[in-house]
Amino acid sequence: MHNILIVARKEIQEGLRNRWVLATTLLLAALALTLTFLGSAPTGTVGVRALDVVIVSLSSLTIFLLPLIALLISHDAVVGEMERGTMLLLLSYPIGRWQVLLGKFIGHLAILAFSTLIGYGAAAAALAATGAIIDRESWAAFAAMVGSSILLGAVFIALGYLISTLVRQRGTAAGIAIGVWLIFVLLYDMALLGLLVVDQGQTVSGPILSALLLLNPTDIYRLFNLTGSASVSAFSGMAGAAGGALGSQLLLATLALWALVPLTLSALVFSRREL
Amino acid sequence: MNTMVQVADVSKRFGKVEAVSQVSFELVEGETVALVGHNGAGKTTLMKLIIGLIRPTTGSLRLLGEDPAAGEFTARRRLGYLPENVSFNAALTGRETLAFYARLKRENPRSVDPLLERVGLGHAANRRVGTYSKGMRQRLGLAQALLGEPKVLLLDEPTTGLDPALRQSFYEIVEELRSGGSAVLLSSHALTELEERAGRVIIMNRGLKVADGSLQELRDIARLPTRIRVKARDDGMAEASAWFGERDCRRVNGHTLEISTPHDGKIDLLRRATSAGSPIVDVDVVPPTLDDLYSHFLRSQERAPCTTS
């Protein structure tokens, strides 16, 4: 346990020094603030549920941006250190390979969690400061959105590690990472949509569609946030969408699995890898 | 004497390449062993095997009584390793980097300052490693290998990039640890440098151990000629050539001759050089260097590739 924390601490230290933390926090805060104030334009400031609108726009932002940031931080984690030669020295110390990986994971996740919390928190705080009335239910939905955003980040950090342990060169890892991002964020949904249009409801029934949505972590995230609370789902136009059939807890559990499985796999691959 | 490292009949195969084949040796406490060989002779692979970074294809290893690849790390806390071309994360300072490694070895992070002083990095402790020169990074590499008073030190090309003064102080540190009972295994290309430092030399070629012993033992086995350089007095060169008669000799310059003699003929030759009436004013004895021994053992192994030691 101690070793894991030592590695995590070093990753955070490096992230602060490389200005990764600063850059991602500023980026997320700037985009979140922009969306908060521009996004409220159509509903006007009289909207009682201003924060709910913010939740809808921020979760769309998250789906694009957080996987990208997570993959950027993580795709280099193992293969980069191997290539630079720092991994050889580290592994000659009394530390297990799985501890190295888990320590890095905690460190990277902490960086991402910090940026998300501060960046999105700034938007909510700014909204509250302008005098918008926000009730408890909205705050709960907002907290759930931030929490699930961090979980989505964890999924893509774990996927980045899996890529990083499987390949031999940094360039390959970067290429695959971009491919993975494209597939999960854009292509999968487009393909799914195309399938539904072609199928016309003939074979793809509700349960099959639900299962297909669970195969993409960004869809799980979207369903969780946009159908999670009644008022948010009304704003997002997702009321009565397929996700309604899947409970929040199931969605969260599946999202957690999406983080655990790649992380475990990458630990297995890493432990067998020859130096 | 305690055995610190035991390598028994170890082979390591990477695909079709046999990087190390059937190597056996032991390191005991308080000895410095030089591992000598070309690039690709298997030196680095051997060190990785001893640390447990890779598993042997056949054979067995013991590091401080433990199987190094078993995943038990008590032995590793007493191990110092300096890899070839050591590198560090550029973003952290020298002190932060060393403190990180100290924590992993459960050493007090405050112990890093004296260590940085010791390798001559005290003034640069708060600078980022990215700004360090090659020599400074090498010194930081040494500092991390010395963390926690290691009982076994494995140093892969430790003095590359160090200036002569620092080399000197590096070998002093190594000697200090050795006399404190540590076993030191170091590989280097600078053979002349190892000559005075290593109690024992292991010569590797293409994964095989071709020789193992003290420098004197190796000289005895190799029976290489000792070279004696004699300086004749002015205009005494012709006379000097005649004085040594039929021996195998070579003119170095206007007044120096180099004579090669088998080990047992050395005293006889020296007597002759210093006897009354000799035209010789100065004598230098050059015993076979590690370089000579190294190339001798490589050549003899190429001729008879079956001998392993």
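A: Gladly. Helix H2 of chain B, residues 94-104, is mostly covered, with 10 of its 11 residues buried. A word on terms: helices (H or I, at least four residues) and strands (E, at least two) are DSSP runs, numbered from the N terminus. A residue is buried if 20 or more other C-beta atoms lie within 10 Å of its own, exposed if 12 or fewer, and partly exposed in between, with C-beta atoms placed from the backbone. This is a predicted model, in which local features need pLDDT of at least 70 and side-chain atom pairs count only at pLDDT 80 or more, while totals for chains, interfaces and linings use all residues. Residues are numbered from 1 along each chain as its sequence is written, and chains are lettered from A and ligands numbered from 1 in the order in which they are written.

The buried residues of H2(B) are B:Gly94, B:Glu96, B:Thr97, B:Leu98, B:Ala99, B:Phe100, B:Tyr101, B:Ala102, B:Arg103 and B:Leu104. After the helix comes B:Arg106, which has a positive phi near 60°. The cover over those buried residues includes helix H3 (112-118) and helix H4 (134-145) of chain B, together with helix H1 (2-17) of chain A.

The contact between the chains takes 20 residues from chain A and 23 residues from chain B; two residues are in contact if their C-beta atoms, placed from the backbone, lie within 7 Å. On the side of chain A that touches chain B, H1 and helix H5 (86-91) each supply at least two residues, and H1(A) gives the most, with six residues. By class, this side has eight nonpolar, seven polar and five charged residues. Here Ala, Val, Leu, Ile, Met, Phe, Trp, Tyr, Cys and Pro count as nonpolar, Asp, Glu, Lys and Arg as charged, and the others, Gly among them, as polar. Chain A itself has 12 helices and zero strands, and of its 275 residues 44% count as buried.

An automatic or database domain assignment gives chain B domain 1 (3-90 + 133-220) and domain 2 (225-286), and their centres, taken over C-alpha atoms, are 41 Å apart. Strand S8 (residues 200-205) of chain B is mostly covered too, with five of its six residues buried. Strand S3 (residues 32-36) of chain B runs parallel to S8(B), joined by four bridges; two strands pair if DSSP finds at least two bridges between them. In that pairing, B:Val33 has B:Arg200 as its bridge partner. S8(B) also pairs with strand S9 (residues 208-213) of chain B, in the antiparallel sense over five bridges, and B:Asn205 stands opposite B:Leu208. Two residues lie between the strands of this hairpin, where B:Arg206 takes a positive phi near 45°.

Another sheet of chain B is open and has four strands in the order S11-S12-S10-S13, with antiparallel pairing. Its edge strands are S11 (249-253) and S13 (280-286), each pairing on one side only. S11(B) is joined to S12 (residues 256-261) of chain B by four bridges, and B:Asn253 stands opposite B:Thr256.
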